[in-house]
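This briefing goes through a structure topic by topic. Please keep the sequence and the model in view while reading.

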Amino acid sequence: MSGRRERVRSAIRAARGGLRAVARIARWEVSRSVGVVDRRTAALGLLALLLAGAVGGAATAAGGVALDRDVYRVGVDTDSPYHEVVVETPALAARPPEVDRLGRGVEVVVADDHVYVADSRKAQAALSTFRDAVRRHNLDRLREERNESAAFPVVVTLRYAERTPDGVVAGGESGDGTGTGTGTGTEDTSGSAGDSDGTESAPSGADGSTSGSGSGADTATGAAGVDAATGSAADGPLGVPGFGGAGGLFGGSTSGSPADISPPFPFGALVLAFLFFVPMNFVIQPYGSTILNERINRRGELLLVAPVSPAAIVAGKTLPYLATLVGVTALVALAIGGSPVSVAAVAPIAALYLAATFVGGMFARSFKELTFVTVSISVFLTSYAFVPAIFTNVTPIALISPLTLVVHDLQGTGVTAAQYAFSTGPFYVGSAVLFALGVGVYREEDMFTQRSVPLKFLDALNSRLKGRKSVAVLSALAIPFVFIAELLAVAVLFVLPVEVSIPLLLVAVAAVEEVAKSVHVYAGFRGPFADRRGWKAALVLGALSGLGFFLGEKLTAVVQLVGLPDLALGRAAFSSAGIAATPAVGLLLLLAPLALHATTTSIASLGATRDRATYLAALVPAIAVHAAYNFAVVSTLG
Amino acid sequence: MIEVEGLRKTYGDFPAVVGSTFDVDRGEIFGIVGPNGAGKTTTLKMIAGLVDPSAGSATVAGFDASDPEMRRSLGFLPEESPLYEDMTARSYLDFFADLYDVPGEVATERIERTLDRLELDHRDRRLGDVSKGMKRKVAIARSLVNDPDVLIYDEPASGLDPLTTNYVLEFVRELRDAGKTVLFSAHNLYHVESVCDRVAIMNRGDVVARGTVPEIRETYGTTDYRVFTSVPVEGAESAGDRHVVTVEEMAAVEAVRQRAADAGGEVVDIRTREPSLEDIFLDLAADAEPDPRGGA
């Protein structure tokens, strides 16, 4: 009993000591980072940023930068009401209204209550621009009317219905499209939601009747009841605009003509990606440098010989950057009206940014290589976070990105625990695994070698291979990356026709999974299992890897919680995991994936016992078998 | 204080160290010499817990080399002086003292004392701006911030000018006199011979000889006898008005004496020349024979 107590005390002492070491290294990292940039340089940088901001702000205030300024010339009398339109439109330049100069100095002439157009393509474009300008001008005038109901007698609340599985528009929200007359009677907007054939994503959703009550002001600004993932014209400040342009984006006027109604575009996600990710890109640069600096000229050797663990060193060096990113994220969230939910949604992205950069810093041999790695990380993670968010009208797809959680938060529609787990789970687990891999090679024997990035990656895998069981563990730990790759594949292929996207996806999924299951076996045969390169060892390790992957794959059951398997593409991506639309089929498929994974990984492992070329060659039949299985499962499921 | 038993390290198929065995007593300076690639640095790093041995064991101050607690008793100086060049000497040493849980006042006093002893000026100048000798002194000071019982110095005088080298070697002697145990490696055999109490010679990852310098000389070296004769004899070289024959055994001396007598002359002088450590090292490195006393 006392021995146990002593062990507990010892563990507590060790934990306290570890935390103290982390805090010391973090303080030191902060003081060093501050010391690296001298104050004058920092001040100049800040000044340059402010200057750039001021120039940008001034340009915006002046009406923005118009690359097509005065490209079309319109002949119009200064007394004409159209003169004002031409003058206020950057692309148009006012000229005297001389019809005989058509085609020779002017493209369009407004005279005698007629519009004359030269016979050229440019003139047609000029006319189009002129018409748009006139329409905008008229709408602006209408918006200035004090009696809004007189200017806009019909008010329509737009609701973009959530697209249900396989692209069918949900019909259960028929009442959402109710137009609200404002005293001028009723108007049937004849919505189409609910009668979709499954191929069209009808944006109107205004299938209900209109009523003659309510006020225009209410409906024009009300966001209540609007689906958060799909957005509407009246969404919050960063909601998806119903009317084209940034005016809607930032809560500008929502009055206009039907011509102004545009399909939803994820401006919100775009802006959020910009706001949250730009600071991350700034922070990962010094973080990657500080990690690589420890490896240049063996600088970090002395920390390794100090009484602190590699994990404490890494934690201490990472903590200031993580804190900075969370702080900046909190500031951005505060600025855009987000709650702690937004911070909690973006923080795991920041963690993965840092984790991937850490691994990059541990693998890169030079700052040039590190730059390549960090840019790749930035592009990949930005794509992963942004691309799914494009599909704002397909919630399960959009939820792949944590940015969608931010949109939900901003629109006040709430985020469920399942949604949070689905969106951020891969980021959390992925970060942990990457840090674990990086810490595994944070030791003298690996830190200071000049091996190539792929070999360093194999070293990192080998650092975590401690016996056969660890092969299964590593396979299971590969799941978040497989998950991320497959979700990204789903998001990228979503735009293609189902006949094309599903076969492509099935092959992509097979390839991703086969590599994830076997690459550490290949590494092991060049590391701890180098003296066991027989076919028996290959089969044993292949089977263990398949088992580990099978068990880890069950974790992807979280996708059930957000309904991704309800999508055809989602079913295709995850059906091999035994996740099916019905429990019965799921049970039936429970053990089949185990046999599949064990078999295909054994095939690849047999190749891994030899050289790289043989391993890559063995991957081909493994992928083929896996893809065939996927096709069979998908065909069975319909 | 340091016990090394069958220490072995292989990188893939390459054996960097094939089985070092030796021990270092408290208050002793123990030197490891050997050519480049002999396995000296790898051996030191395994003892310091930086590199995991493939086989064998090393204990330092009673702790296994893999035990993090061992590091509190150890001061390690790598061959290079990889300092954080944006820090000052003082802040650099403060940081490491903090890492070793040295109380602030104790650390300040100890750091100042060490820097004074090492005559290290420019304590508040960035380390990137000081000379190589100064950097080496800072690195040595860093190895002492935790007042360790054991010091492992890898080529402590590497790349230093003769003046600073002598300074460093003298400082190592002082450390020994202060009760520290010092294990260090060197290329320069003179440094080892002049400083070390005992020596191990490594070649191709193996300890091929060990002991005090006289012991090694006696065991592995051969004493030359220079026999001076009044008349020319077979094999003799002219040495002024005399002639000299160099032989390696007393029996050969007697043979020279007989030849001189046969030629009507005599042996007028016999001198011995002890082999230097370098002579022995070169012989052993050429032969690469394992230690006959089981050192390998």
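Which helices of chain A do the buried residues of helix 17 of chain A pack against? They pack against helix 11 (340–363), helix 15 (417–440), helix 16 (444–447), helix 18 (469–477) and helix 20 (498–524) of chain A. This is a predicted model, in which local features need pLDDT of at least 70 and side-chain atom pairs count only at pLDDT 80 or more, while totals for chains, interfaces and linings use all residues. Residues are numbered from 1 along each chain as its sequence is written, and chains are lettered from A and ligands numbered from 1 in the order in which they are written.

**Helix 17 of chain A**
- Helix 17 covers residues 453–463 of chain A; helices (H or I, at least four residues) and strands (E, at least two) are DSSP runs, numbered from the N terminus.
- Its buried residues (20 or more other C-beta atoms within 10 Å of their own, with C-beta atoms placed from the backbone) include Lys456(A), Asp459(A) and Leu461(A).

**Sheet of chain A**
- Four strands form an open sheet in the order 2-1-3-4, with mixed pairing.
- Strand 2 (92–95) and strand 4 (114–117) of chain A are the edge strands, and each pairs on one side only; strands pair if DSSP finds at least two bridges between them.
- Strand 1 (residues 72–76) of chain A pairs with strand 2 of chain A in the parallel sense, over four bridges.
- Opposite Val74(A) stands Ala94(A), in strand 2 of chain A.

**Contact between chains A and B**
- Chain B puts 21 residues into the contact and chain A puts in 19 residues; residues are in contact if their C-beta atoms, placed from the backbone, lie within 7 Å.
- On the side of chain B that touches chain A, helix 2 (residues 89–99) of chain B gives the most, with four residues.

Methods. Contact = placed C-beta atoms within 7 Å. Buried ≥ 20, exposed ≤ 12 C-beta atoms within 10 Å, placed from the backbone.
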